[in-house]
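Okay, thanks for making time, everyone.

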Amino acid sequence: MASSERRRRPTQVDIARRAGVSQATVSLVISGGAASDQIAESTRRAVEQAARELGYAANVAARSLKGGRNHLLGLYTFEPVFPVDQRDFYYPFLVGVEEETAAQGYDLLLFSSVGSAADRSIYAGGANRLKLADGCVLLGRKVRREELAELIREDFPFVFIGRREVEGGEVSYVAADYVSATAALVRRLSELGHDRIMYLRAVEDTEPTWDREAGYLRGLAENGLPFDEALVQGLADPAELSAGHLRRWIDELGVTAFLVEPTEDNRLVEALAAMEATELIRFPADCSLALLGDPPSWTPKTRDWTRFSLPRARMASEAVRLLVELLGEPGAAAGPGPRQLSVPCSFVPGDSAGPVPAGRRSA
């Protein structure tokens, strides 16, 4: 259709003409602010009916710029969450955000990158794009901490899914309790007779890894097991983990159980499955193994690894609830300060951890 034939978008002036009121009256009704209370109910209904008949849609961005609420919550991710190799890991987070946003009576606005994944930025173009929403839930591992600090300086309401720390301010977040969950796995392995437990950690220094390591150390201390720095190894690429690595640690260091930090893709579980396929390492016949989190894309048809499971949907729901609390009611005093909540993980017994193999128990 030629542009000259396209239907012109209705304006507030069009509504005023149809309803027989001034444009200022239409603006008051559409904005919905406190001043709109002075409009007679019959006039309000006439304006709303005219807007419906004309198919008028309010410009929520303009309302936001004027300092009003548009009843939109945002969801921003610091990295793509929809590719096939990550979809299943992030899916419960996305569902939890969407369902709780609806339950709170808000609409959800998903912010996607305006550039490449490597250039993903809240401040693309120099402005805070999230201000289209009243507040925002943030998600992702590859965080730009300087942008979190800037959001804090702007006093923009946001809640992060996962514990995040920045210099010069406090972040509101909902996190999985990795510390308690990891300590509990150490305790279970200790109860099975394991006293040489290796922790294979990610090489990146992030809050989830710090918390898992803190849980590992706490678990050792609580169960009277000595710390040996040789039993903490960095795992740069889980895809390169081989039966040879595990066999060397078993033979040279006396390791009987492994705690492994999982990845958000299938590299780790595929490497472990490849080991078992060669029968060079069997879990738990040769050694026990537990994952410090969920394997991605798990189904009942795949290996049921001993592990703890992240409450992903609940974390997302709690993040939305905290965000609504931070927003408070329009016209009310400012909401509470930064809020930080830890959610317990659940133990999954699985079938990859068992007693120390015969003949290998320490004296």
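I'll go from the overall picture to the sheet, and then to some aromatic side chains.

First thing to keep in mind: this is a predicted model. Helix α7 has the highest confidence, at a mean of 98, while helix α4, residues 60–65, has the lowest, at 50. There are also a couple of stretches to treat with care. Over residues 1–6 the pLDDT stays under 50, and the model gives them one contact beyond four places in sequence. Residues 329–334 are also below 50, with two contacts in the model beyond near neighbours in sequence.

Now the overall picture. We have 363 residues, and 47% of them count as buried. The protein has 11 helices and 12 strands. If you take the contacts with a separation of 6 or more, 69% of them are between residues 24 or more positions apart.

Just after α1 comes Gly20, with a positive phi of about 75°.

On to the sheet. What order do the strands come in? It's β2-β1-β3-β4-β5-β11, six strands in an open sheet with parallel pairing. At the edges sit β2, 107–111, and β11, 340–343, each of which pairs on one side only. From one strand to the next, the twist averages 20°.

Let's step across part of that sheet. Strand β1, residues 72–77, pairs with β2 in the parallel sense over five bridges, and Leu72 stands opposite Asp107 in β2. Then β1 is joined to β3, also parallel, by five bridges. Here Tyr76 has Leu138 in β3 as its bridge partner. Carry on to β4 and you find three bridges joining β3 to β4, again parallel. Leu138 turns up here too, standing opposite Phe160 in β4.

Is it enclosed or open? Five of its five residues are buried, so β3 is largely enclosed by the rest of the structure. Both faces are covered: Gly135, Val137 and Leu139 are buried on one side, and Cys136 and Leu138 on the other. Helix α6, residues 145–154, lies across β3 and β4, and runs at about 150° to β4.

Back in β1, have a look at Thr77. Thr77 has a relative accessible area of 3%, so it counts as buried. What does Thr77 touch, leaving aside neighbours within four places in sequence? The answer is Phe111, Arg120 and Leu139.

A pair of aromatic rings is described by the distance of the centres and the angle of the planes. How many aromatic pairs are there in this model? The count comes to nine. Take Tyr90 and Phe93: the ring centres are 6.3 Å apart and the planes are at 50°, so this pair is tilted. Both residues lie in helix α5, residues 84–103, three residues apart, which is about one turn of the helix. As for why that spacing works, an α-helix has 3.6 residues a turn, so residues three or four places apart point the same way. Tyr90 and Phe93 are both buried.

Another tilted pair is Tyr178 with Phe308, at 6.2 Å centre to centre and 55° between the planes. Here Tyr178 is in helix α7, residues 178–191, and Phe308 is in strand β10, residues 306–309, so the pair ties together parts that are 130 residues apart in sequence. Tyr178 and Phe308 are buried as well.

There's also an aromatic cluster, made up of Tyr76, Phe78 and Phe160.

Last item: charges over rings. The charged end of Arg188 sits over the ring of Phe347, 3.7 Å from its centre. Arg303 does this with Trp305, its charged end lying over the ring at 4.8 Å from the centre.

That's my tour, so over to you for questions.

Note on methods: Residues numbered from 1 in each chain as written. Predicted model: local features only at pLDDT ≥ 70, side-chain atom pairs only at ≥ 80, totals over all residues. Heavy atoms only, no water. Phe/Tyr/Trp six-rings, centres within 6.5 Å; stacked < 30°, edge-to-face > 60°. Helix = DSSP H or I, 4+ residues; strand = E, 2+ residues; numbered from the N terminus. Buried < 20%, exposed > 50% of the residue type's maximum accessible area, 1.4 Å probe, protein only. Lys NZ or Arg CZ within 6 Å of the ring centre and 35° of its normal. pLDDT = per-residue confidence, 0-100. Contact = heavy atoms within 4.5 Å. Pairing = 2+ DSSP bridges. Axes fitted to C-alpha atoms, helices over the stretch in contact; angles between N-to-C directions.
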